[in-house]
Amino acid sequence: MSGAPVFGAPVFDEAFRAGLKNLLRWRRDVRRFRPDPVPPALLDELLELASLAPSVGLSQPWRFVTVDDPARRAALRKSFARCNADALAGQDADRAGLYVRLKLAGLDEAPCHLAVFAEPDPPQGHGLGRKTMPQTTVYSAVMAVHTLWLAARGVGLGLGWVSILDPAAVAAALEVPADWVFVGYFCLGIPQAEAEVPELEREGWERRRGADATRLRR
């Protein structure tokens, strides 16, 4: 019998590569959500896909915390309000008006809230690759977030990164282990609208640059 083995590696053809490129181009940081709930089974599936992300020493140091309790969400919303006011106060006069017009969080509308932490020294992985670069556990957690972001976009959901929060306030509100490192707080749900251009670019805050602007040749 000739040809590729039945149980060989999959072939990612041109159509797949085109679809992947579209997925990357249309991934957005979503701030405006519809209130439709995310089915629990779908959330479980997305987190399983996120767990396929690469990690240093196969340590899988990411820790996902789903936040459903109204009191905990309220505490995080309060932290956002304080941090956002501080950020606004630090803007230059010519930027302050634009900052006010930006919608910087989907905390009020998003049906699903996730906090992501990294365990800095997990037993899994037996420390491989972490002695010289211990920060790779946090990098690994970020890779899991990116995998989740793409997986969510692939099923029509949007993810929004809320970084205007006090990490200590988040850890206290969620009562996580003291050594966990806060990576980010994320809102998940169906976007109100779709756009290929990032919202911050559409609003005039910043524009996306190509690889040449971020590449250093040696």
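A pocket, in the sense used here, is an open set of points on a 1 Å grid over the protein atoms alone, with protein on both sides within 12 Å along at least five of seven lines. In this predicted model, about 240 Å³ of space lies in the second largest pocket, while the largest pocket has a volume of about 280 Å³.

| Pocket | Volume | Lining, by residue class |
|---|---|---|
| Largest | about 280 Å³ | 3 nonpolar, no polar, 9 charged |

**Trp205, after helix H7**

Trp205 lies in the segment that follows H7, and because its relative accessibility is 21%, this tryptophan counts as partly exposed. Setting aside residues up to four places away in sequence, Trp205 touches Gln91, Arg95, Leu98, Tyr99, Leu102 and Leu200. The C-alpha atom of Trp205 is separated by 18 Å from that of Ala85, a residue 120 positions away along the chain.

**Packing of helices H1 and H5**

Two packed helices are described by the angle between their axes and by the distance between those axes. Helix H1 (residues 14-26) packs against helix H5 (residues 136-154) at an angle of about 105°, with the axes 10 Å apart. H1 is therefore roughly perpendicular to H5, since angles of 65 to 115 degrees fall in that class. On the H1 side the contact involves Leu23, Leu24 and Trp26, which meet Leu150, Arg153 and Gly154 in H5; by class, the residues of this contact divide into 4 nonpolar, 1 polar and 1 charged.

Is Ser55 buried or exposed? With a relative accessibility of 16%, Ser55 counts as buried, because the cut-off for that class is under 20%. Ser55 is placed in the loop between helix H2 (40-50) and strand S1 (62-66). When neighbours within four places in sequence are left aside, the contacts of Ser55 are with Gln60, Pro61, Trp62 and Ser140.

Conventions: Residues are numbered from 1 along each chain as its sequence is written. This is a predicted model: local features need pLDDT of at least 70, side-chain atom pairs count only at pLDDT 80 or more; totals for chains, interfaces and linings use all residues. Side-chain values use heavy atoms; hydrogens and water are left out. Axes are lines fitted to C-alpha atoms, for helices over the stretch in contact, and angles run from 0 to 180 degrees between N-to-C directions. Helices (H or I, at least four residues) and strands (E, at least two) are DSSP runs, numbered from the N terminus. Angles under 35 degrees count as roughly parallel, over 145 as roughly antiparallel, 65 to 115 as roughly perpendicular and the rest as oblique. Contact means heavy atoms within 4.5 Å. Ala, Val, Leu, Ile, Met, Phe, Trp, Tyr, Cys and Pro count as nonpolar, Asp, Glu, Lys and Arg as charged, and the others, Gly among them, as polar. Buried means under 20% relative accessible area, exposed over 50%, partly exposed in between (1.4 Å probe, protein chains only). On a 1 Å grid over the protein atoms alone, a cavity is a set of points where a 1.4 Å probe fits but cannot get out, and a pocket is an open set with protein on both sides within 12 Å along at least five of seven lines; lining residues have an atom within 4 Å of a point. Grid points are joined across faces, edges and corners, and a volume is the space filled by probe spheres set on the points.
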